[in-house]
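Let's read a protein model together, one feature at a time. Keep the structure in view as you go.

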Amino acid sequence: MLLTMTDSELLRIKLIQDICDKRLTGVEAARLLKLSPRQVYRLVKRFIELGAAGLVSLKCGQPGNHRHDDKLKLQTLAHEKLSEDHNIHASVETLR
């Protein structure tokens with residue numbers, strides 16, 4: 001399986017691996033990651049259970065919470081006016 005990770009997720013893996021190898025404490029890693037020690041220990045648990053794939057964000061690849069519905073995008077004023085008044089049918093992305 002191919003994992004796509006950000007730089008912060010790669011740093012997180014390195015620090016979690018250091019905790020597992022007892023080269024770093026959870027409190028020190030929490031300070032470096034700007035997380036609470038409790039969150040770091042939850043990450044360590046997920047890393048032990050699932051490996052590096054457990055540290056990848058679960059929101060990756062999902063649409064954003066504030067995204068508008070596609071039907072609403074089709075109802076933009078420019079698209080509507082070009083279609084009605086000038087009989088020009090262009091996609092909303094083209095008009096953007």
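This is a predicted model: local features need pLDDT of at least 70, side-chain atom pairs count only at pLDDT 80 or more; totals for chains, interfaces and linings use all residues.

Q: Which residues make the contact?

A: From α1 come Arg-12, Ile-13, Ile-16, Gln-17, Ile-19 and Cys-20. From α3 come Val-40, Leu-43, Val-44, Phe-47 and Ile-48.

Q: How do the residues of this contact divide into nonpolar, polar and charged?

A: Nine are nonpolar, one is polar and one is charged.

Q: Now the helix α2. Which of its residues are buried?

A: Begin with the general idea. An α-helix has 3.6 residues a turn, so residues three or four places apart point the same way. Now the case here. Helix α2 runs over residues 26-33, and its buried residues are Gly-26, Ala-29, Ala-30 and Leu-33. These residues cover an arc of only 105 degrees around the axis, so they sit on the same side of α2.

Q: What is on the other side of α2?

A: Val-27 and Arg-31 are there, and both are exposed.

Q: What covers the buried residues of α2?

A: The cover includes α1 (7-20) and α3 (37-50).

Q: Next, salt bridges. How many does a search of the whole structure find?

A: Side chains of opposite charge can pair when their charged atoms come close. A search of the whole structure finds three salt bridges. One joins the side chains of Lys-14 and Asp-18, at 3.4 Å from N to O.

Q: Where are Lys-14 and Asp-18 in helix α1 relative to each other?

A: They are four residues apart in α1, so about one helical turn separates them.

Q: Is Asp-18 buried or exposed?

A: The cut-off for buried is under 20% relative accessible area. Asp-18 has 12%, so this residue is buried.

Q: Which salt bridges does Arg-23 form?

A: Arg-23 meets Asp-18 in a salt bridge, at 3.3 Å from N to O. Asp-21 also forms a salt bridge with Arg-23, and here the closest N and O atoms are 2.6 Å apart. Arg-23 has 57% relative accessibility, so it counts as exposed. Asp-21 has 39%, so it counts as partly exposed.

Q: Which residues are linked in a network of salt bridges?

A: Lys-14, Asp-18, Asp-21 and Arg-23 are linked in this way.

Q: Last, the backbone angles. What is phi of Lys-22?

A: Here is the background. Most residues other than glycine have a negative phi, and most peptide bonds are trans. Phi of Lys-22 is near 60 degrees, a positive value in a residue other than glycine. Lys-22 lies in the loop between α1 and α2. Its relative accessible area is 76%, so Lys-22 is exposed.

Q: Which residue just after α2 takes a positive phi?

A: Lys-34 does, with a phi of about 60 degrees. Lys-34 is found in the loop between α2 and α3.

Q: Is Lys-34 buried or exposed?

A: Lys-34 has a relative accessible area of 77%, so this residue is exposed.

How values were computed. Residues are numbered from 1 along each chain as its sequence is written. Side-chain values use heavy atoms; hydrogens and water are left out. Buried means under 20% relative accessible area, exposed over 50%, partly exposed in between (1.4 Å probe, protein chains only). Helices (H or I, at least four residues) and strands (E, at least two) are DSSP runs, numbered from the N terminus. The arc is that of the directions from the helix axis to the C-beta atoms. Contact means heavy atoms within 4.5 Å. A salt bridge is a side-chain nitrogen of Lys or Arg within 4 Å of a carboxyl oxygen of Asp or Glu. Ala, Val, Leu, Ile, Met, Phe, Trp, Tyr, Cys and Pro count as nonpolar, Asp, Glu, Lys and Arg as charged, and the others, Gly among them, as polar.
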